[in-house]
Structure formats: structure tokens, C-alpha cells
Amino acid sequence: MRSIYRLVVRDRFGICTMALVSRTLFSSLATYHAAEARDFWHKEQTQDLTRSVDILTTKIGKGNSEDDILQSLISDEGVNGIHLSENLINRLLFRYKDDWKSALAIFRWAGSHSNFKHSQQSYDMMVDILGRMKAMDKMREILEEMRQESLITLNTIAKVMRRFVGARQWKDAVRIFDDLQFLGLEKNTESMNVLLDTLCKEKFVEQAREIYLELKHYIAPNAHTFNILIHGWCNIRRVEEAHWTIQEMKGYGCRPCVISYSTIIQCYCQEQNFDRVYDLLDEMQAQNCSPNVVTYTTIMCALAKAEKFEEALQVVERMNAVGCRPDTLFFNSLIYTLGRAGRIDDATHVFKVAMPKASVAPNTSTYNSMISMFCYYAQEERAFGILKEMEKSGLCKPDIQTYHPLIKSCFKMREIDTWLNDILNDMVNKYHIGLDLSTYTLLIHGLYRADRCKWAFDLFEEMADQDIVPRYKTCRLLLDEVKQKNMHLAVVKIEVLMKKL
Ligand SMILES: *[C@@H]1O[C@H](CO)[C@@H](O)[C@H](O)[C@H]1NC(C)=O
């Protein structure tokens, strides 16, 4: 049996009443109070932080030099009592990420307190802000401080290099690499890869290659090194060099992987050089490196884009032959591209025959592609048929994208009180899909054109009630209409809304 406690409860009129409560209630009250106290302190701390941020931001004027801002902070009595924490500094740095002078002044001000030390993360943030705003000398100063505090990591170095290269100062990035030991880090494969990757990403691929040729005598490259270079060459559309890099890679005893090949294949696909694509597929096979479904999806999409539909469909055969299973994304892309090309029968064949044969389940996107294809080619009956199928399949549910083309079709076919009414009902009551701005806009404009102004206006109000801001065009459209009909209240409502736009 539960033991019973007597508890005195003071009600809000200040009268003491005796109450009988079980132990469970009593202890849960105690827990509740502890939690409340914790919440209270947590809230107090957050409020403190917000207050400190507010105080400091009001002290920081615009357009001064960072020294001026720093001096004004140091001499200000009002900011002296502020409790410094990493959290506070990071918040302020984030706030001033586009204003390096204020950010640096705050950083310096906090750092001038003898009992406060900046964290590694704050230092990294500061370095990044200065680099991004191209205050390179200041960035070097901070880096030097970090070095003295032994706070530099490879992550810091990556940021610094990236900012130098981003400012087209690639030589400075290389110098940072040369100084790595002085900065407290090692020159090894990992740090070399960071440098090469940074250079390649900003299209300094030739420079990266030169540096690699020099460094390879001291630092062993790995597969990642070569993939970086392959990516780089492809990025600047020098696919022959990328291909050569594969040979070089093999020379070093590094096995080219599916990523190495797929990167080059993608590049040839963009050039629509399909002979080379097939050559590479053969080479992969010879190397015992199987293409994956991503590789095949790339090829198939490129073929379809080049309007080589038969060949695109043959990719499925190729995949089957090597035992690579197509997935939903593969088929979705295929259906989408066939649809765009007007190959309705082929798309339908893929959907009805190829997918079940490959035991790949369609998802919402698959159905959506079929529906929008049929709507686009004015085969509304078939589009609605797919919707029915989707609902019956139990595999997935329609989403807002499913309904967009269907709503348009309803307007086109003037099936408003029938089909449109039904699908809206399903959307809201059966699938609980919240209407978004573009759906409301589509509906309101459609209903207006179909001379269903009352309905359009009801939806307009519903949208406004949900704080979805209507487009200006929509307001204009309805305003003229309600003015003509002397709906005074509606006119006022719309005008109030338009003032806010
Ligand atoms: C359908 O599947 C593909 C591939 O897995 C995925 O990219 C896509 O987001 C899915 N669509 C939906 C609506 O879940």
C-alpha cells in the first residue's frame, strides 16, 4: 500500500489547507521543484549572456578602427562587470563575422583580461573572420599568438590556407605549409593533402601538381592525394591530365578506386564524350574496380540529356550484366529524363515493367514524376490513375509536389467543384498536408480566374490567418475584385495586409 503523507498547501488566498497526498505525488512535486530551480538558473544564465551581448553591442559604434573600439571598451565602466566566457565571445564573433574590426576589438578586449584565456575554437573563428574579410596581416598576427599558445591544429591551417588561396595568394598558402614545423605541426601526407586540396578547389591545379612533384620525394602520396589531383583536373576540364593521373597512381602502387574513375567519367559525360566513358568502364572492369550505381546514374542521365534514349535504357542492361542493382534514385532519374523528352511510353514502361522486374520499390518522387509527366502532356486521366495507384500501393503517401500538377489540371479542365474539391479534401483531411505559399497562390489565382471569388477570398484569409504572407500580385488581384463587388470589410483587410508587404 502507498503510504500517505500530510502536506500543508497554501492556496493562493493564503489560507492553509490540509491535503492528503500519496508519496508519489509528494516526490514528484519535489522533483518538479528541483527541475524548476534548474530551469530558473539556466534561464538566468542565458538572460545574462543575452544581456552581456546587448551591452557590448551598444558600446560598439560603426566605422571606427579596431583600436578605437578596443580603447572605448577598455575605458568603459559599464562593460567591466561583464562575466567573460567562451560562449559569450563566440556569440559576439558570430554576430560580427562580417565586421572584422569589431570582432577583433572584442577579441582583444576579452583577451586583455588577465583571468581570461581564449579557447581554441574562438581563435579559429577569429582567424576565419579575418581571412574571409581579407585582413591577412591581422590573420597572421592571430596565428602567431596561437603558435605561442600551442593552439594550432590542422583545422586552423586548413582555414588559413583556404583564405590565402581564396584571396588568390596561393604562394602564401604554400609558405604556411613550409612553416608547418615552426607552427607546431608535421609535414606529412595528411597536411600535404590539405594543401593540394585547397589549391585544387580554387583551380590552382597546375601549381598543386608542381608542388606535389617536389614534395613526393619527401612525403609519400596516398590514394587520396591522387584523387585530389584527379578532381582538380576534372574541375578545370582537363580530363586528359586526370586520366594520366590514374596511370601515375598505379605506378605508385595506389589502387584507383571507384571515386577516381567516376570523377573522370562524370567529366567525359559533361563533354558528351561517350566513347571515352565506355572505354573507362572497360578499364574499370579490367582493374577489377566495379562501377557503382552512382556511376551508372551519371552515365544514364548524361545519355538521356544527349537524347540518346536507347543507349540510356541500355545502361540498365549493362548494370544487370555486372550485377549492379539499380536503385530508386536511378529509376527516378530515368523516368524524369524520359518524361522531359516526351518519351511517355518509355517512361511508363520503366515504371510498370523495369522497376518491378528489378524489385525496386517506387517512392513518392517516382509517382510524382509520372504524375507531372502525364499532366504536362495533357493526359490527366492517367495522372489521376497514378495517384490512385499510389494511394493503393501503401508504399508511400502523396505530398504537396504530387498535387501541384494535378491542381493545375483541374483548373485547365474546369473540374473545380468535382476533382479539385475532392483532392483538396484529401490533401487536408486525409493526408494532413499543410498548404504552403505556392499552393495557396496557385489555388487563389486559379479560383479567381474560374470566377470563384468567394472561395478564393476564403483561402486568402485562411492563408493570412496562418501568417503566410501572400504575394503582392495575389493581393492586387483580389483587391480589385472585392472593390468592384463593394466588399468593404475585405477591402480594408487586404489593404492592411498590403501595407505590411
Ligand atoms: C526517393 O528516393 C530517392 C533515392 O533514395 C531519394 O533521393 C528521394 O529523396 C526519395 N523521395 C522521397 C520523396 O522520399
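Predicted model: local features only at pLDDT ≥ 70, side-chain atom pairs only at ≥ 80, totals over all residues.
Local features need pLDDT of at least 70, side-chain atom pairs count only at pLDDT 80 or more, and totals for chains, interfaces and linings use all residues. Residues are numbered from 1 along each chain as its sequence is written, and side-chain values use heavy atoms, with hydrogens and water left out.

Start at the ligand. Thr328, Leu329, Asn332, Asn363, Thr364 and Ser365 surround the ligand; a residue is near a molecule or strand if one of its heavy atoms lies within 4 Å of it. Asn363 has a side-chain N or O atom 2.3 Å from an oxygen atom of the ligand. Ser365 places a polar side-chain atom 2.7 Å from a nitrogen atom of the ligand. Taken alone, the ligand exposes 360 Å², and the protein buries 46% of that. Accessible areas come from the Shrake-Rupley method with a 1.4 Å probe; for residues, only the protein chains shown count as cover.

Which elements give two or more residues to this shell? They are α17 (328-340) and α19 (364-376). Helix α17 gives the most, with three residues. Helices are DSSP runs (H or I, at least four residues), numbered from the N terminus. By class, the shell has one nonpolar, five polar and no charged residues. Here Ala, Val, Leu, Ile, Met, Phe, Trp, Tyr, Cys and Pro count as nonpolar, Asp, Glu, Lys and Arg as charged, and the others, Gly among them, as polar.

Now turn to Ser260, in helix α13 (residues 258-270). Is Ser260 buried or exposed? Ser260 is buried, at a relative accessible area of 1%. Buried means under 20% relative accessible area, exposed over 50%, and partly exposed in between (1.4 Å probe, protein chains only). The side chain of Ser260 makes a polar contact of 2.7 Å with that of Asn227. A polar contact is a pair of N or O atoms within 3.5 Å; within protein, one must be able to donate a hydrogen and the other to accept it, and residues adjacent in sequence count only if both atoms are side-chain atoms. A polar side-chain atom of Ser260 also lies 2.9 Å from the backbone nitrogen of Cys257. Ser102 sits in helix α4 (residues 100-111) and is buried, with a relative accessible area of 1%.

Next come the salt bridges. The structure holds 30 of them, each a side-chain nitrogen of Lys or Arg within 4 Å of a carboxyl oxygen of Asp or Glu. Glu144 pairs with Arg147, the closest N and O atoms being 2.9 Å apart. Both lie in helix α6 (residues 136-148), three residues apart, so about one helical turn separates them. Glu144 is partly exposed at 29%, and Arg147 is partly exposed at 24%.

Glu283 and Lys250 form another salt bridge, with closest N and O atoms 3.6 Å apart. Glu283 is in helix α14 (residues 274-286) and Lys250 in helix α12 (residues 239-251), so the pair ties together parts 33 residues apart in sequence. Glu283 counts as buried at 18%, whereas Lys250 is partly exposed at 26%.

Finish at helix α25 (residues 472-484), which holds Tyr472. Tyr472 is partly exposed, at 47% relative accessibility. Val469, Tyr472 and Leu501 make a nonpolar surface patch of about 300 Å². Patches are made of residues with over 30% relative accessible area and no salt bridge: like charges are joined within 9 Å, nonpolar side chains (Val, Leu, Ile, Met, Phe, Trp, Tyr) within 5 Å.
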